[in-house]
Amino acid sequence: MTTGAPTSASSASARPRRSRLRTFLPLGVVAWVVLEIWLLTVVAGATSGLTVFLLLLAGLVLGSAVVKRAGRRAFRNLNEALQRGGSPSGGSGNGFLMLGGLLLMIPGLISDVIGLVLLIPPVQKALGKRAERSLDRRLRAAAPGGFGDAFQQARIHRPDGKVVQGEVIRHDEPGDAPQEPRPPLTR
């Protein structure tokens with residue numbers, strides 16, 4: 001009896017290929033965690049456990065202060081822009097400040113070094129320009145259309161294949177009595 005379900009041979013060929021990022025990201029995260037733990041044990045062996053604990057605590061305190069400062073700056077820029085009636089400007093460094101603070105808060109020496117490098121203003125400007133160019137290239141290469149088109153496509157291509165297009169309009173008058181709940185629709 002045929003069920004209409006795809007066979008394993010046809011589903012393997014019809015399945016889209018995984019991106020390299022989705023394939024290697026979990027492996028990279030595991031390698032990074034193992035390297036962080038190994039480096040912490042090496043430093044603890046060379047100095048003492050108390051030194052490592054104090055380094056991690058200092059990173060946590062410094063990182064939280066940086067994130068708090070960057071958040072306040074971003075909020076202040078947003079408030080000033082709303083008062084002027086424009087859009088916020090000069091806020092590209094706040095994202096890298098927050099990322100640097102977050103990396104400082106994560107336990108580990110490698111993440112602390114990367115977080116400290118992200119706190120350097122010339123590095124922030126260079127990464128900001130590069131990120132802006134990359135985003136600009138991707139937006140130019142994207143197909144034309146707005147967010148409404150993307151939402152409409154997402155609704156049309158639902159997994160169950162059932163889409164009910166339409167709009168519900170209710171006319172409730174102030175003097176109408178509440179109606180009884182209606183039974184659910186059946187298929």
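**Getting oriented**

Mentor: The chain has 7 helices and 0 strands, where helices (H or I, at least four residues) and strands (E, at least two) are DSSP runs, numbered from the N terminus. Keep in mind that this is a predicted model: local features need pLDDT of at least 70, side-chain atom pairs count only at pLDDT 80 or more, and totals for chains, interfaces and linings use all residues. Residues are numbered from 1 along each chain as its sequence is written, and side-chain values use heavy atoms, with hydrogens and water left out.

Trainee: How much of the chain is buried?

Mentor: Buried means under 20% relative accessible area, exposed over 50%, and partly exposed in between (1.4 Å probe, protein chains only). Here, buried residues make up 13% of the 187 residues in the chain.

Trainee: What span should I expect for α3?

Mentor: The expected span of a helix is 1.5 Å times one less than its number of residues. With 36 residues, α3 should span 52 Å, and its end C-alpha atoms are 53 Å apart, which agrees. Among its buried residues are Val52, Gly59, Gly63 and Val66. Just after α3, look for Gly85, with a positive phi of about 90 degrees.

Trainee: And α6, is it mostly buried or in the open?

Mentor: Of the 21 residues of α6, the number buried is 2, so α6 lies largely in the open. This helix covers residues 121-141 and reaches 30 Å from its first C-alpha to its last, close to the 30 Å expected. Pro121 lies in α6 and is partly exposed, with a relative accessible area of 49%. Pro121 and Phe96 are 25 residues apart in sequence, yet 9.4 Å apart in space, C-alpha to C-alpha.

Trainee: How do α2 and α3 sit relative to each other?

Mentor: Start with the axes: they are lines fitted to C-alpha atoms, for helices over the stretch in contact, and angles run from 0 to 180 degrees between N-to-C directions. Angles under 35 degrees count as roughly parallel, over 145 as roughly antiparallel, 65 to 115 as roughly perpendicular and the rest as oblique. The axes of α2 (residues 20-46) and α3 (residues 49-84) come within 7 Å and cross at roughly 130 degrees. The two helices α2 and α3 are therefore oblique to each other.

Trainee: Which residues of α2 and α3 meet?

Mentor: Contact means heavy atoms within 4.5 Å. Leu40, Val43 and Ala44 in α2 meet Gly49, Val52 and Leu56 in α3. By class, the contact of α2 with α3 has 5 nonpolar, 1 polar and no charged residues. For those classes, Ala, Val, Leu, Ile, Met, Phe, Trp, Tyr, Cys and Pro count as nonpolar, Asp, Glu, Lys and Arg as charged, and the others, Gly among them, as polar.

Trainee: At what angle do α2 and α5 pack?

Mentor: At about 100 degrees, with the axes of α2 and α5 8 Å apart. These helices, α2 and α5, are therefore roughly perpendicular to each other. On the α5 side, the contact is made by Leu109, Ile110 and Ser111, while the α2 residues include Trp32 and Glu36.

Trainee: Is Ser111 buried or exposed?

Mentor: Ser111 is buried, with a relative accessible area of 1%. Not counting residues up to four places away in sequence, Ser111 touches Trp32, Glu36, Leu103, Leu104 and Ile106. The backbone oxygen of Leu103 lies 3.3 Å from a polar atom of the Ser111 side chain.

Note on methods
Polar contact = N/O pair within 3.5 Å; in protein donor to acceptor, adjacent residues only side chain to side chain.
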